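Hi,

Here is the structure I promised to pass on. Have a look at it first, and my notes follow below.

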Amino acid sequence: MSQDTHNESENIYNTLLLYLKEGMWKSAMTEANSLAARHPKDKVCVELAQCLRVIKRIADRLPTGTRSGDIDKLEKIEHLLPELSGMDSYRSLKTLVSKSIQKPVRTLFKKLKIWRVVISCLVAIVFILVCNTAVYAYNQAQPMVTKSGTDGPYRSWVALQNLDKPVDVLLLGDSACRYNLAWGAIADRLGGEVINLANNIYSSFLSDAWMLAAYIEKFGAPKTVIVSRTSSGYSSLHKVEFVVGVPLPWAYWDYYGLAPSWKRGEISEAFITKFGVLYSYADILQERLLEPWTLFDHEVAPRVTSHTYYEGDPSEQQDMDVSTRTPSYYFHDFDTCDDTEASLQYMSDLARQYHFQLYFVLQPDWDEAVQAGLRDEIITEQKEFLSQYTDPTYVHVVEQLPKTLFRQDQLKNPNHLRPAASAIYTEEVVNAIANIQNQQTAGQAQPLELTSISLDKGSYSLAEKPVIKLKIVNNGASAVTGSVSCLIKPVGVEDAYWVARGPAIAMNIAANGEVEITLEASAGELTESGTYELVVFIRQDIGGLFYETRIVMSSKIIVH
């Protein structure tokens with residue numbers, strides 16, 4: 001425990017004692033709960049919180065009469081916490097409890113005839129069952145769209161269920177995947193269609209594993225799967241409301257062969273949460289009743305395949321301060337859990353079984369935190385943990401550092417990038433994946449040659465969209481399929497800092513043949529005068545992999 005944490009805990013304990021002396025039982029209980037939350041493995045802190053909760057309940061019963069066993073409970077607590085016996089407030093509480101103990105009264109069955117009780121209970125049970133069934137049917141008919149965040153996994157599952165054709169690249173993870181990976185560059189460079197099925201940090205790695213299994217069952221294996229979660233997300237255990245709050249049948253986890261690391265009583269809790277909607281943690285009716293005009297107007301808008309080059313989070317920036325370690329979750333020690341370990345092994349086994357490429361991607365990082373040495377240990381431990389699942393053929397870790405460090409103005413928070421920064425980060429991720437696949441397919445690619453290139457203009461005005469015509473010759477003995485794309489960047493900078501790019505165009509070249517490709521730099525914009533480099537990417541399909549040829553033409557494009 002750090003000195004700061006110890007001091008904070010000591011302050012909380014001192015405040016708790018002050019509240020006890022004043023007889024402020026509710027406030028004392030709140031401080032005890034806070035102390036237990038900070039030290040969940042400390043038996044003393046947990047027992048202290050439990051004792052204060054009992055004292056608070058007994059004190060609350062004083063106006064209506066306490067129970068005969070309350071004095072015994074207080075004496076037992078006094079034995080555990082001897083300092084209470086010296087407090088006037090506690091002695092006064094015991095006196096009041098003794099005076100207010102309820103006298104025995106006749107039981108309900110002595111007041112009423114047994115048949116009236118039975119009928120009343122049956123009527124109540126039937127009424128609850130009918131209401132619960134009606135609300136359950138309503139929730140099934142009206143998609144789960146709430147402000148609480150539990151609808152994130154629901155939307156992703158609906159997107160997967162509504163998908164009517166296979167894609168080439170599957171993006172999985174939490175909000176780091178949703179906000180930081182821009183689909184356009186991934187589709188251009190890796191090839192084909194992309195879908196982002198990201199959830200949130202509370203859904204845990206289990207959701208990624210289940211979605212991957214469901215996709216494979218529906219379409220077969222994709223070519224590429226990219227998984228990106230925040231470093232703090234590796235310690236996230238399943239949460240019952242996120243496990244059952246999805247449009248899947250009961251016990252789907254057993255069907256996919258990957259069950260959560262259930263705690264005692266959680267399966268019962270999950271059953272009640274899913275089917276007992278009047279009680280359920282995942283119940284959304286209460287939110288809708290606050291806006292009754294929306295009761296029958298809840299359409300799910302799942303994320304589908306797209307070709308955007310800018311993802312990112314444009315909302316207001318959260319508080320960030322390296323000196324105070326804010327936000328604290330970003331600076332916590334790296335840790336894992338049973339759910340994470342089981343899920344990563346499950347996905348890695350699927351990659352090896354179905355022969356697709358699986359990439360675990362490290363999140364972008366805040367430059368100030370890394371330069372101050374506050375993230376080194378976390379990143380090192382994360383890489384070491386992931387390395388146990390990798391192999392040279394199917395499962396890989398994508399390491400971006402030091403190229404994916406971002407300034408505070410490029411971040412919404414340490415986990416979410418702004419749109420322009422997401423484009424930079426994505427390009428570096430794609431570069432790393434292309435390098436891995438080029439090593440895997442070295443010696444298998446056909447000898448392609450870019451024999452000519454021409455622009456539609458000699459120079460361009462600001463905001464114009466250059467059109468590039470290419471001729472590519474296949475000097476090999478086998479036909480080639482693949483795609484061609486390009487990007488435009490200032491002279492001398494890395495690809496990640498592109499300003500405009502031409503989306504990929506499919507390429508098919510016969511053996512010893514040639515093809516002409518026309519690219520339009522329709523994404524991004526040329527906003528400053530000067531000379532720019534043109535980078536052309538020629539991607540060849542090689543089985544489930546690809547080989548990428550990168551051709552750079554310096555000062556090719558002039559903007560005035």
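To start: is alanine 159 buried or exposed? Alanine 159 is buried, with a relative accessible area of 5% (buried means under 20%, exposed over 50%, and partly exposed in between, using a 1.4 Å probe and protein chains only). This alanine sits in helix H8, residues 151-162 (helices are DSSP runs of H or I with at least four residues, strands are runs of E with at least two, and both are numbered from the N terminus). Between alanine 159 and isoleucine 195 there are 8.9 Å in space, C-alpha to C-alpha, and 36 residues in sequence.

Before you read on, keep in mind that this is a predicted model, where local features need pLDDT of at least 70 and side-chain atom pairs count only at pLDDT 80 or more, while totals for chains, interfaces and linings use all residues. Residues are numbered from 1 along each chain as its sequence is written, and side-chain values use heavy atoms, with hydrogens and water left out.

Now the charged pairs. The whole structure has 22 salt bridges (a side-chain nitrogen of Lys or Arg within 4 Å of a carboxyl oxygen of Asp or Glu).

- Aspartate 60 pairs with lysine 56, with the closest N and O atoms 2.4 Å apart. Both are in helix H3 (residues 43-60), 4 residues apart, or about one turn of the helix. Aspartate 60 is partly exposed at 43%, whereas lysine 56 is buried at 17%.
- Arginine 375 pairs with aspartate 365, the closest N and O atoms being 2.8 Å apart. This pair links distant parts of the chain, 10 residues apart: arginine 375 is in the loop between helix H18 (367-371) and helix H19 (376-387), and aspartate 365 is in strand S5 (residues 365-366). Arginine 375 is buried at 1%, and aspartate 365 is buried at 2%.
- Lysine 457 pairs with glutamate 464, with 2.3 Å between the closest N and O atoms. Lysine 457 is partly exposed at 37%, and glutamate 464 is partly exposed at 24%.

Last, some helix packing. Helix H11 (residues 204-219) packs against helix H17 (residues 338-354) at about 25 degrees, with the axes 8 Å apart (axes are lines fitted to C-alpha atoms over the stretch in contact, and angles run from 0 to 180 degrees between N-to-C directions).

Cheers
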